[in-house]
Amino acid sequence: MTVLVIGGSGFLGTELIRQAARAGHVTAATYATRPGTTSHATWYQLDLRDPGRVDAVMTEVGADLVVNASSGKADWAVTAQGPVRLAMAAARHGSRLVHVSSDAVFSGARIHYDESCLPDPVTPYGAAKAAAETGILLVHPRAVVARTSLIIGDGDSVHERIVQELAAGTRDGVLFTDDIRCPVHVADLAAALLELACGDAAGVHHLAGPDAVSRHELGILIARRDGLDASRLPTGLRAHSTLPGALDVRLDSRATQRGLRTTLRGAHQFCITPA
């Protein structure tokens, strides 16, 4: 099988490439500004705002599967319109599509969200992700939309680097005690995405860990794993900050987990082993 990873130079994209290549798939990947460092993929520059380039890459790669792990933040043209453009191209080329979405599509008003819950975003980023979900499933009904939460690794994710710098005193800021999510390990997430891709799943799925923890609780787990002084981690309340977004969003992934061989571990489990 030929796999095309959109956003292959990113944190999740790098792990997807590693696992796809290890499974014996011919692997290609795209980047926006510079290619990743792995040699396990053939690299293509891609701007999702350019429909001609999207179609050209799809034609050249001839992918059986496309996994969209790109991140355009709140840029509507990249985050909302780009994935729909990609879905249209995947449908024309007969390619299976798995699109990675986010718990940012929810406001936090009901706290617990399963796959049947309708998006109610409260940030521009969340609105763009929600629009992408709707458009993708409209133009490519057999696509998979996989919502996830905070993605953690073995020391090299954004949140982990923040924790390391705060513990070392080289960064200003706080870890919120009222900002709660369900973190997932990048290896588990990539494996689950590829498992969904290789099956007959379609529609919306949730891929997050079973443990709901605050940013500060997660920071403590990471610090202890890495042998850092967790008492040095400063705390604060997101509710008292100017940062927009939901406070407490807990993705319920039990329905999707029941159909997977891959186990989505919780933060208390995947943070046990030192990096």
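Are Arg181 and Asp179 buried or exposed? Both Arg181 and Asp179 are buried, where buried means under 20% relative accessible area, exposed means over 50%, and partly exposed lies in between (1.4 Å probe, protein chains only). The structure is a predicted model, in which local features need pLDDT of at least 70 and side-chain atom pairs count only at pLDDT 80 or more, while totals for chains, interfaces and linings use all residues. Residues are numbered from 1 along each chain as its sequence is written, and side-chain values use heavy atoms, with hydrogens and water left out.

Side chains of opposite charge can pair when their charged atoms come close. A salt bridge is counted here when a side-chain nitrogen of Lys or Arg is within 4 Å of a carboxyl oxygen of Asp or Glu. The count by this rule is 15 salt bridges. One of them joins Arg181 to Asp179, with 3.1 Å between the closest N and O atoms. Arg181 and Asp179 also belong to a network of salt bridges that links them with Asp103, Arg215 and Arg238.

A salt bridge also connects Arg261 and Glu195, whose closest N and O atoms are 3.8 Å apart. This pair links distant parts of the chain, 66 residues apart: Arg261 is in the loop between helix H8 (254-258) and helix H9 (267-270), and Glu195 is in helix H6 (residues 186-198). Helices (H or I, at least four residues) and strands (E, at least two) are DSSP runs, numbered from the N terminus. Arg261 is exposed, at 74% relative accessible area, whereas Glu195 counts as buried at 13%.

Asp55 forms a salt bridge with Arg92, and the closest N and O atoms are 3.1 Å apart. Here too distant parts of the chain are linked, since Asp55 is in helix H2 and Arg92, 37 residues away, is in helix H3 (residues 76-93). Asp55 is partly exposed at 26% relative accessibility, and Arg92 is exposed with a relative accessible area of 55%. Ala56 is likewise placed in helix H2 (residues 51-61) and counts as partly exposed at 35% relative accessibility. Between Ala56 and Leu46 there are 10 residues of separation in sequence and 9.6 Å in space, C-alpha to C-alpha.

The strands include an open sheet of 7, in the order S3-S2-S1-S4-S5-S7-S12, with parallel pairing. Strand S3 (42-45) and strand S12 (203-207) are at the edges with a single partner strand each, so one side of each has no neighbour in the sheet. From one strand to the next the twist averages 20°. Two strands pair if DSSP finds at least two bridges between them. S5 and strand S7 (residues 144-148) run parallel and are joined by 5 bridges, and His99 stands opposite Val145 in S7. Helix H4 (residues 124-139) lies across S5, S7 and S12, at about 155° to S5; axes are lines fitted to C-alpha atoms, for helices over the stretch in contact, and angles run from 0 to 180 degrees between N-to-C directions.

Ser95 lies in the loop between H3 and strand S5 (96-102). At 3% relative accessibility, Ser95 counts as buried. Apart from neighbours within four places in sequence, Ser95 is in contact (heavy atoms within 4.5 Å) with Met58, Ala63, Asp64, Val66, Ala90 and His140.
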